[in-house]
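Hi,

Here is the structure I promised to pass on.

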Amino acid sequence: MNIAASLNDGFQVTKLRKGFLQAFGSNGEGPTRFFFAPGRVNLIGEHTDYTGGFVLPAALTNGTWAAVRERDDRTVNLASHGFLPQVVCALEQEIVNRPEDGWANYPKGIIKEFLDHGVDIPGFDIFFYGDIPNGAGLSSSASLELVTAVALNALTQAGLDMITLIRLAQHVENSFVGVNCGIMDQFAVGMGQKAAALLLNCATLAYRHIPLILGEYRLVITNSNKQRDLGESKYNKRRRECEEGFRIIKGYRPELTCLGELGLAEWLSVKEHLSSPLPTARIEHVVRENARVLASAKALENGDIRTFGQLMLESHESLRDLYEVTGPELDALYAAASQAPGCIGTRMTGAGFGGCTVSLIKQDRVFAFQQTVARDYQVRTGLRPSFYPVSVGDGAREVNEEELWRFS
Ligand code: GLA
């Protein structure tokens, strides 16, 4: 049983410096500047971003660090702790996605975006170290994209604002990497704030930080340790189902520009025009999930953590029954967690089909929660979960040495 595995295993500074020197040699000096971009957990508002709806994610204190040293030969050298290969990117040549470059395609995509924006890049060595599990729905890829973007922005003095960096990172994901995601992940990673959730309207990008005062409760992420298989094709299928439903609705409500604008009362008045059960169930989820996001923001602002917990439970059930993106493992975690001592809210987080849940647990029951859920989950699925009690931190930025040590 992997009880209380901490995501942050410390020594980020040492790992960064050592890794950097091993990858690139000392060359008279080590890395000169450091950057950080968090992972994110979505608290509520799942599968709503790509319909122009509302989301309520938060940035984690875990994420991706980058150590950088400048060069002037129009070459970028990319290396990462724990991931191969090490990649050389010649800036005079066209930058393309090469499957054999694996993880490095994310930073390569960002470099290409900067060049396409007309930014001059003299060159640099960059070494990455991350402490969020990959493919678990905690946005390790958005974190890698944004840490590269803030580093490049600072090194080249391009002066791009954070919203531009966020849009550019989403563009990399959509066109360079080929994942058809919405904007939530990059936005949360870029604009997150310590001890706050981010209420975002994904159609207009209007946002507000909502104080996340958890009192005697803690946020605990549980990794189902189920790899997301076929996740992407099912994700794209859900997107298409929503688009199909919206096309029909627009016939009756031409003033709507996106599904996210459809309120509950309006939905109930047009629902009868959708004859097939599938888009109907998907849209029912989206409309009610949007309402839950707004109700959650209000509850948190009022310090009503129990109502927020209740909305998390409803969100998971809707994702399970109406949107059908949970799967047996996440449902087993939900069943175990929602019965566990001290748990007032739990739900899948991220795209689903495997990955993680996020739960609100009474501080003094966190250990008991982990024991009970691990046992129950293992009986139900044969898999062992991992637990990460997490904290909410600031978005992507340059960090100085003192701050680096504080992370460790
Ligand atoms: C993934 C995508 C996000 C969002 C979520 C589901 O994390 O990257 O854009 O669609 O799934 O809420």
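Cysteines first: the count of disulfides comes to zero. Keep in mind that this is a predicted model. For Cys181, the nearest cysteine sulfur belongs to Cys202 and is 11 Å away, so with a cut-off of 2.5 Å Cys181 is in no disulfide. Cys181 is also buried, at a relative accessible area of 10%. Cys258 is in no disulfide either; there, too, the nearest cysteine sulfur is that of Cys202, at 9.5 Å. With 13% relative accessibility, Cys258 counts as buried because the limit is under 20%.

Cys181 turns up again around the ligand, where the shell also includes Arg40, Glu46, His47, Asp49, Tyr50 and Gly182. Met184, Asp185, Tyr235, Gly350 and Ala351 surround the ligand as well. By type, the shell divides into five nonpolar, three polar and four charged residues.

How much of the ligand does the protein bury? Taken alone, the ligand exposes 310 Å², and the protein buries 92% of that. As for where this happens, the space taken by the ligand is the largest pocket.

That's what I have so far.

Cheers

How values were computed. Residues numbered from 1 in each chain as written. Predicted model: local features only at pLDDT ≥ 70, side-chain atom pairs only at ≥ 80, totals over all residues. Heavy atoms only, no water. Near = heavy atom within 4 Å. Areas by Shrake-Rupley, 256 points an atom, 1.4 Å probe, with all protein chains shown as cover. 1 Å grid on protein atoms, 1.4 Å probe; cavity = no way out; pocket = protein on both sides within 12 Å on 5 of 7 lines; lining within 4 Å. Sits in = over half its atoms within 2 Å of the grid points. Nonpolar A, V, L, I, M, F, W, Y, C, P; charged D, E, K, R; others polar. Buried < 20%, exposed > 50% of the residue type's maximum accessible area, 1.4 Å probe, protein only.
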